Amino acid sequence: MTRHLYLLRHAESAEKQSGQSDKDRSLTPRGLRECVVIGTHLYQQNISFDCILTSAAQRAEDTARFVADAMKMDTEKISVVEELYEASSRTFFQFLSGLDDRFNTILIVGHNPVITYVTEYLTQSEIGDMATGGVAVIKFNIHSWKEVSQGNGELENYTHPGILQPD
C-alpha cells in the first residue's frame, strides 16, 4: 500500500518580542505569502490530505490554516498536536509510528531542525536546511505507519516558496 507523508516547515515567522513566548510568535507578511504559494502549488497538483497535523506553536497553526485555505480544504481536518512543538527526533518518530492507518496522505507542519532531520533520515536524501514554507513529499510502500523507519521512504519532491515564486 502506498502512503504519502508531507512534511512542511512552518512559514517565516516574526522574531520573538520581549516578554513573548516562543510559542506565540506569528507569521510575517512574507510568511503569509509563503503559505499561499505552497497551498496554491499543492492545490494545482490536486493534492488532498486525509488529515493535517500541526505543532501547537502559533506560527505552525497559522501555516496549516493558511495552506489549507489556499488548497480550498476544510480546516476541520486540522488537528493541533502539542507534542510536535519542540519535539525531539525520537518523539517525532514515535508520533509517526502511531499515526492512524486509516489515513494514507498526511500533512505534518513542524519546525526545524527536526523536520529536516526526519526527512533526510526517512529518505536517505540530503536536502540541507529546509526553507521556511518548504515541503518534502515522502512516499512509503507500507501497510502501516508503524513500519516507517530509516531509509524506507522515497523523497518524491522537495520544494519551497523561493523555488516556486522567487522574490
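The model is predicted, so local features require pLDDT of at least 70 and side-chain atom pairs count only at pLDDT 80 or more, while totals for chains, interfaces and linings use all residues. Residues are numbered from 1 along each chain as its sequence is written, and side-chain values use heavy atoms, with hydrogens and water left out.

**Stop 1: S144**

Select S144, which sits in the loop between strand 5 (135-141) and strand 6 (153-159). Helices (H or I, at least four residues) and strands (E, at least two) are DSSP runs, numbered from the N terminus. S144 has a relative accessibility of 13% and therefore counts as buried; buried means under 20% relative accessible area, exposed over 50%, and partly exposed in between (1.4 Å probe, protein chains only). Next, display R3 and D101: apart from neighbours within four places in sequence, these are the residues in contact with S144, where contact means heavy atoms within 4.5 Å.

**Stop 2**

The tour now turns to charged pairs. Side chains of opposite charge can pair when their charged atoms come close. A salt bridge is a side-chain nitrogen of Lys or Arg within 4 Å of a carboxyl oxygen of Asp or Glu, and by this rule the count is eight salt bridges. Select R25 and D22, whose side chains form one with an N to O distance of 2.8 Å. R25 is buried at 16% relative accessible area, whereas D22, at 23%, is partly exposed.

**Stop 3: K23 and E82**

Move to K23 and E82, where a salt bridge spans 2.4 Å from N to O. K23 belongs to the loop between strand 1 (2-9) and helix 1 (29-44), and E82 to the loop between strand 3 (78-81) and helix 3 (89-97), so the pair ties together parts that are 59 residues apart in sequence. K23 is partly exposed at 21% relative accessible area, and E82 is partly exposed at 47%.

**Stop 4**

Finally, select R30 and E34 in helix 1; they are four residues apart, about one turn of the helix. Their side chains meet in a salt bridge of 3.3 Å, N to O. R30 counts as partly exposed at 35% relative accessibility, while E34 is buried at 5%.
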